[in-house]
Amino acid sequence: QVQVAESGGGLVQAGGSLRLSCAASIASNNINAMGWYRQALGKQRQLVAIISSGGTTNYADSVKGRFTISRDNAKNTVYLQMNSLKPEDAAVYYCYVRAYYNNYLGQYWGQGTQVTVSS
């Protein structure tokens, strides 16, 4: 089974920055994509940003220009640099990994890390 572990959440004032990290327990050449979703209280989980094995990125419109996703293949790790945070960015952030494991392309999730933005 593929393990996914996030870190880096916390409390920050509006306008501040945080960096989230996520490591996957599988070799990077098995990883198809890595990314971040978030779920605010009472809302559905939504895509924040995703990066493919080839480096192609996709962002939610609400975070474009403020958040940057990057990947370190040597460490099987994905990062989310979040700048100019707004109160509406507050949510539980989940790391997402799409990878081949036992010849099956599966989707794997971290347990989530809380991001709180005070106004």
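Which two residues form a disulfide, and how far apart are their sulfur atoms? The legends below describe close-up views of a predicted model, beginning with the view that answers this question.

**Figure 1. The disulfide of Cys22 and Cys95**. In this predicted model, Cys22 and Cys95 form a disulfide, with their sulfur atoms 1.9 Å apart. The structure holds one disulfide. Cys22 belongs to strand β3 and Cys95 to strand β9 (residues 91-101), so the link ties together parts that are 73 residues apart in sequence. The angle about the S-S bond is -85 degrees, and the link is left-handed. Both Cys22 and Cys95 are buried.

**Figure 2. An open antiparallel sheet of four strands**. The sheet has the strand order β1-β3-β8-β7, and its pairing is antiparallel. Its edges are formed by β1 (4-7) and β7 (67-72), each of which pairs on one side only. On average, and with direction ignored, neighbouring strands of the sheet are turned by 15 degrees against each other. Strands of a sheet pair through backbone hydrogen bonds, and this pairing may be parallel or antiparallel.

**Figure 3. Strand β8 with its partners β3 and β7**. Strand β3 (residues 18-24) is joined to β8 by six bridges, and the two strands run antiparallel. Strand β7 and strand β8 (residues 77-82) also pair in the antiparallel sense, over six bridges. Leu80 in β8 can be followed to either side: Leu20 stands opposite Leu80, and Ile69 likewise stands opposite Leu80. A further facing pair consists of Asp72 and Thr77, the latter in β8. Strand β8 is mostly covered, as five of its six residues are buried.

**Figure 4. Positive phi values at Asn76 and Ser84**. The hairpin of β7 and β8 has four residues between the strands. Asn76 lies in the loop between these two strands, and its phi is near 55 degrees, a positive value in a residue other than glycine. Is Asn76 buried or exposed? With a relative accessible area of 17%, Asn76 is buried, because the cut-off for a buried residue is under 20%. Ser84 is placed in the loop between β8 and β9. Its phi is near 50 degrees, again a positive value in a residue other than glycine. Ser84 is partly exposed, with a relative accessible area of 40%.

Figure 5. Glu6 is buried yet has no salt bridge. The nearest side chain of opposite charge is that of Arg45, 7.6 Å away; a salt bridge requires the side-chain nitrogen to be within 4 Å of a carboxyl oxygen. The side chain of Glu6 does approach backbone nitrogen atoms. A polar atom of this side chain lies 2.8 Å from the backbone nitrogen of Cys95. The Glu6 side chain also reaches the backbone nitrogen of Gly112, at 2.9 Å.

**Figure 6. A salt-bridge network of Arg38, Arg66 and Asp89**. Which residues does the network link? Arg38, Arg66 and Asp89 are linked in it. The side chains of Arg38 and Asp89 meet in a salt bridge of 3.0 Å, N to O. This pair links distant parts of the chain, with Arg38 in strand β4 (residues 31-39) and Asp89 in the loop between β8 and β9, 51 residues apart. Arg66 forms a salt bridge with Asp89 as well, the closest N and O atoms being 2.7 Å apart. Arg66 lies in the loop between β6 (57-59) and β7, and Asp89 in the loop between β8 and β9, so this pair ties together parts that are 23 residues apart in sequence. Arg38 counts as buried at 7% relative accessibility, and Asp89 counts as buried at 1%. Arg66 is buried too, with a relative accessible area of 11%.

**Figure 7. The salt bridge of Asp61 and Lys64**. A search of the whole structure finds three salt bridges, among them that of Asp61 with Lys64. The closest N and O atoms of Asp61 and Lys64 are 3.0 Å apart. Asp61 counts as exposed at 64% relative accessibility. Lys64 is partly exposed, with a relative accessible area of 49%.

Note on methods:
Residues numbered from 1 in each chain as written. Predicted model: local features only at pLDDT ≥ 70, side-chain atom pairs only at ≥ 80, totals over all residues. Heavy atoms only, no water. Pairing = 2+ DSSP bridges. Axes fitted to C-alpha atoms, helices over the stretch in contact; angles between N-to-C directions. Buried < 20%, exposed > 50% of the residue type's maximum accessible area, 1.4 Å probe, protein only. Disulfide = S-S within 2.5 Å. Lys, Arg positive; Asp, Glu negative; His and termini not counted. Polar contact = N/O pair within 3.5 Å; in protein donor to acceptor, adjacent residues only side chain to side chain.
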